[in-house]
Amino acid sequence: MRKRLLITGAAGALGRLSWALEGRVAAQLRLTDITPIKDAPRQTETVVCDLAYEAGVSAMVTGCDAILHLGGVSTEQPFPDILQANLIGLHNLYEAARIEGISRIFLASSNHVVGYYEQTEHLSGNAPHKPDGWYGISKSYAEAVAVMYWHKFGIETAIVRIGSCFPEPKDHRMLASWLAPEDYLSLVDRVFAVPRLGCPVIWGVSDNDNRWWDNSAVEWLGWRPKRNSAEFADKIAATVPPPAPDHAMARWQGGAFTLEPVKKHK
Ligand code: NAI
Ligand code: 15L
């Protein structure tokens, strides 16, 4: 078990799910977010910090031995916001990790690095990136940073391209991209349990019948997702009208993100 796991983005949806990892992945958690966390368990450390603030990031990494990096802009937003949180923030985090001697990081990447593949295509982790916006590009950058820190400094990162992690799939596309919350948690368990990790690309997707992404290259990780979106197929068919076959939601793996304009601050 790790001594102290830093969880960035700990006030967000996956961050809150991850509070359950105290005593499971690490003896102690340190939860951090730009949004104050007021309802954490009493014994859990919390730090309010903007990832773009270098000195603050350095301080919050001190004393940790592993990082679950979930923090940052998680949807398509104006570039200046993405620049601060996802590019400068990522730089600050990896530099702090290197200086602190952190050995292993779980990086929450996204399916939006491959958003412009057709839903008829099946991808391994080696497929060239086809990001569907500035958010997807920021995740491509994050993956490149992780690869560089592995080769140059030996920091191991699980590059996890999360599909759609929600309690249940919300539409037809998510029947392919869904990652069940408990499968997400069991993936975090495996990433921090295996003796050697390296820097693999892992598709964060449940055992869905019609998934697009192939994890056979990382079978050695021993992660076996248990849920299958098929259990929701009838409910989606009955409640969500199917998109027209030529609509982005039916065509591109990135779905609605491919329709997002380049957003500007007003
Ligand atoms: P979320 O948006 O609920 O949580 C992100 C957290 O990061 C928020 O609490 C926010 O306050 C914090 N944050 C934003 N800017 C920050 C900054 N400058 N400094 C410090 N903290 C900052 O997102 P969610 O759904 O929990 O996702 C977690 C991670 O997983 C994100 O990196 C997201 O891109 C990635 N991901 C999530 C997917 C999903 O289906 N939930 C799918 C693919 C990727
Ligand atoms: C993501 O990267 C987002 O963070 C999440 O909110 C979902 O929209 C997800 O992708 C998705 O593609 O469904």
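View 1. Arg-190 is found in helix H6, residues 181-193; helices (H or I, at least four residues) and strands (E, at least two) are DSSP runs, numbered from the N terminus. The model is predicted: local features need pLDDT of at least 70, side-chain atom pairs count only at pLDDT 80 or more, and totals for chains, interfaces and linings use all residues. Residues are numbered from 1 along each chain as its sequence is written, chains are lettered from A and ligands numbered from 1 in the order in which they are written, and side-chain values use heavy atoms, with hydrogens and water left out.

Arg-190 has a relative accessible area of 30% and is therefore partly exposed; buried means under 20% relative accessible area, exposed over 50%, and partly exposed in between (1.4 Å probe, protein chains only). Leaving aside neighbours within four places in sequence, Arg-190 is in contact (heavy atoms within 4.5 Å) with Leu-221, Gly-222 and Trp-223. Arg-190 and Ala-55 are 135 residues apart in sequence, and their C-alpha atoms are 31 Å apart in space.

Leu-187 also lies in helix H6. Leu-187 counts as buried because its relative accessibility is 0%. Not counting residues up to four places away in sequence, Leu-187 touches Phe-106, Val-160, Ile-202, Leu-221 and Trp-223. A separation of 9.9 Å lies between the C-alpha atoms of Leu-187 and Ala-158, which are 29 residues apart along the chain.

**View 2. The surroundings of Asn-208.** Asn-208 is found in the loop between strand E9 (201-204) and helix H7 (233-239). With a relative accessible area of 0%, Asn-208 is buried. A polar atom of the Asn-208 side chain lies 3.0 Å from the backbone oxygen of Trp-178. A polar atom of that side chain lies 2.9 Å from the backbone nitrogen of Ser-229. A polar contact is a pair of N or O atoms within 3.5 Å; within protein, one must be able to donate a hydrogen and the other to accept it, and residues adjacent in sequence count only if both atoms are side-chain atoms. Beyond residues up to four places away in sequence, Asn-208 touches Leu-175, Ala-176, Ser-177, Trp-178, Arg-227, Asn-228 and Ser-229.

**View 3. Lys-139 in helix H4.** Lys-139 lies in helix H4. Its relative accessibility is 12%, so Lys-139 counts as buried. Setting aside neighbours within four places in sequence, Lys-139 is in contact with Ala-108, Ser-109, Ser-110 and Val-113. The C-alpha atoms of Lys-139 and Gly-23 are separated by 30 Å, and the two residues are 116 residues apart along the chain.

**View 4. The largest pocket.** The largest pocket holds about 980 Å³ of space. On a 1 Å grid over the protein atoms alone, a pocket is an open set of points where a 1.4 Å probe fits, with protein on both sides within 12 Å along at least five of seven lines; lining residues have an atom within 4 Å of a point. Grid points are joined across faces, edges and corners, and a volume is the space filled by probe spheres set on the points.

The lining has 48 residues, of which Leu-70, Val-73, Ser-74, Thr-75 and Tyr-135 lie nearest the centre of the pocket. Among the elements that each supply at least two lining residues are helix H1 (13-18), strand E2 (26-33) and helix H4 (134-153). H3 gives the most, with five residues. By class, the lining comprises 23 nonpolar, 20 polar and five charged residues; Ala, Val, Leu, Ile, Met, Phe, Trp, Tyr, Cys and Pro count as nonpolar, Asp, Glu, Lys and Arg as charged, and the others, Gly among them, as polar.

**View 5. The surroundings of ligand 1.** Ligand 1 is surrounded by 26 residues, the closest being Leu-14, Asp-33, Ser-74, Tyr-135 and Cys-165; a residue is near a molecule if one of its heavy atoms lies within 4 Å of it. An oxygen atom of ligand 1 lies 3.0 Å from a backbone N or O atom of Ala-13. A nitrogen atom of ligand 1 lies 2.9 Å from a backbone N or O atom of Leu-51. A polar backbone atom of Gly-72 is 3.1 Å from an oxygen atom of ligand 1.

**View 6. The surroundings of ligand 2.** The residues around ligand 2 include Ser-74, Asn-111, His-112, Tyr-135, Arg-173 and Phe-257. A backbone N or O atom of Ser-74 is 2.6 Å from an oxygen atom of ligand 2. An N or O atom in the side chain of Tyr-135 is 2.7 Å from an oxygen atom of ligand 2.
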